[in-house]
Structure formats: structure tokens, C-alpha cells
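Welcome to my notebook. I opened this one to get to know a new structure, and these are the things I looked up.

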Amino acid sequence: MSKSNYNCVIVLGPTAVGKTSIGVALADHFNGEIISADSRQTYRHLDIGSGKDLDEYNVDGRPVPYHLIDITELPAEYNVYNYQQDFYRVFKEISSRGKLPVVVGGTGMYLDAIVRDYQLVILPENKKLHEELEATPLEELAARLLREQPDLHTLCDLQEKDRVIKALEIIEAKKQGIESTSVQRPEIKPFIIGTSLPRPQLWENISIRLKERLENGMIEEVKGIHDSGITWERLEKLGLEYRFCSLYLQGKIESKEELYEKLFIAIRQFAKRQETWFRMMEKKGVEINWLDSGTKPQRITQAIDIVEKIFE
């Protein structure tokens, strides 16, 4: 792998397109380990509704190691800052063992925070500085940041005022001797693979998977979590399956048929939002190499062939 310009692979795409199968096949083939990029799979006990499918992390009896799944408990709030810090630690650990990090998921903000290095740090409030920076035109802020960091590696970030402001606030805090507790970002050079399906096929996949989850105990899973002491409000904040199953269990959705219909519509809308987020990443300079929309085995083969070429 050392001959390549890349040091990790990312597999992204909307829900229900088979990202996990592709990522696991890549990790198995290239001596890698999976890093999940799914905001709900970080929570323990959110199994069926979040689609953990842990049995997929196995190829012909060979277990494929995975990370950032089942790492926190409800009702705690796990956010993009927590994810970014945990990702950096895990990435360093995997790389230090000579393994290839293979990132798999569809949570756009988590992926974007890693790829475009969101400046997510906890700093003391400096209201005067923030107001000063907000009142300054973007062009002046960008020039100031380049003076401070002439080796800035992501020049497209200079087009986003909030990111430039955050970077300057961090620089000023360091000048005053205030250091963030953040984990230092390792060098991340990702080769990004995108996978999706034509809308009719994607809708069919979503429908089939939703019916399977309902039949396999998703409602009972949500009831068990609530019975353990987690409020309906907290469950609803988790969105999609957990929100609608909570509403059903509270009698706010009258039948399982209505639950299915409402969830089916909501998951389709979620898939569209995911695709929109990935297009936004591309517009901001992130290169995504999209696989052809074939069968899952065909896409797995194509992904392996592509990665073999880049790591030659």
C-alpha cells in the first residue's frame, strides 16, 4: 500500500445500496479493517433499526475487524465532534498495524468532517474576536488565514466563511496559549468510492429491508429500549425507524400498515438527502469515484478492481 498516493478507502452512498458488503469485501481483500461512518450504529442496543447486520463482517469464515460500532450508550448524545475524535484515534491504530482503514457509511456530516477536516474543537468563547471576524469580508479573512497558514492543504475551504473564521479563532487561541484537547488529525489520503442504484431499484431495496426489519422484531427492539429507561423523546430524536416505531408504540400511529407507509416515505426522503449531501461534497472539491449500478456482486468486483489499480 505504501506505493499509493492513498492510505485509506471510503465507501459511501445512500441507505440500502449494499455499502457494508462492498466495504467488507475490500477490507478482506486488502488486509484492512472497517471504520463505520453511521451515526446511529455508534449506540449499543440500536441493532435492527440501525441496520448493524454484524454477521456481514465475515467472509468465508474470516472475521473482518470493525470499529466505531457499539461504543456509546443512550441516552448520551454522540455527535460529529465525538466521531471525528474517535475516528482519528482508530485511524492511527489501524494504520500503525500496517492495515488499510476502510471507511463505510452514509452519514454525510461524519464523512465530510473526516474528508474535509472540519475544525471541530472546543474553545473558550471570544465574542469580540468572533464579531470582528464576522464583520470582515471573506476575501480579507482568506488572505489572513493564508498568511497564518501558507501551507494550507485544502484551498477550497477558503470559500466558506464559517470554516475560515473557525480556523482563525483556533490560531488566535493557540497564540494565547490555549490548546484544544482535540486529537491531532493524522494524514488522511482517502480514495473515495460511491455506490448507488437507480431510484426504482433503491425504493424496492428500501421496501424489502423495511419489511424484514419489522418482521424481525424492530418494534420490539424499540419497546425494549424504552422499557430500559430511555424516554420516547430521546428515541424520537434518533429519527426514522426509532422515531416512527416510538410513535406507533405511543398510539400516535394507528396500525402497522400505517407505520410501514410512513416509514417507507421517510426513508426514501432520507436517501434523497444523502445523495444531495454527496453531490454537495463533490461541488466542494471532493472526488467520488462512482461504481456502475449493477448487482451487488458486480459492484464488489468493480470496487476491488479499481482499488487494485490504485494500489499497484
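I began with the surface: the protein, a predicted model, exposes about 15,800 Å². Carbon and sulfur atoms supply 49% of that area.

Next I asked how much of the chain is hidden. Buried residues make up 49% of the 312 residues.

I then looked up the charges. There are 42 positive and 50 negative ones, and their mean positions are 2 Å apart.

For the fold, I noted 12 helices and 8 strands. The radius of gyration is 21 Å, close to the 20 Å from the globule rule for 312 residues, so the protein is as compact as a globular protein of that length. I also wrote down the span of the C-alpha trace along its principal axes, about 60 × 50 × 35 Å.

Contacts came next. Taking those with a separation of 6 or more, I found that 76% are between residues 24 or more positions apart.

Then I turned to the backbone, with a reminder to myself: most residues other than glycine have a negative phi, and most peptide bonds are trans.

Which bond is cis? I found one joining Leu-74 and Pro-75, with omega about 5°. Pro-75 sits in the loop between strand 5 (66–67) and helix 2 (80–96).

That loop also holds Leu-68, which has a positive phi of about 65° although it is not a glycine. Is Leu-68 buried or exposed? I read a relative accessible area of 6%, so Leu-68 is buried.

My last stop was His-45, in the loop between strand 2 (32–37) and strand 3 (58–59). His-45 has a positive phi too, near 80°, and is partly exposed at 48% relative accessible area.

Key. Residues numbered from 1 in each chain as written. Predicted model: local features only at pLDDT ≥ 70, side-chain atom pairs only at ≥ 80, totals over all residues. Heavy atoms only, no water. Helix = DSSP H or I, 4+ residues; strand = E, 2+ residues; numbered from the N terminus. Rg over C-alpha atoms; globule rule 2.2 N^0.38 Å. Buried < 20%, exposed > 50% of the residue type's maximum accessible area, 1.4 Å probe, protein only. Contact = heavy atoms within 4.5 Å. Areas by Shrake-Rupley, 256 points an atom, 1.4 Å probe, with all protein chains shown as cover. Lys, Arg positive; Asp, Glu negative; His and termini not counted. Charge placed at Lys NZ, Arg CZ, Asp CG, Glu CD.
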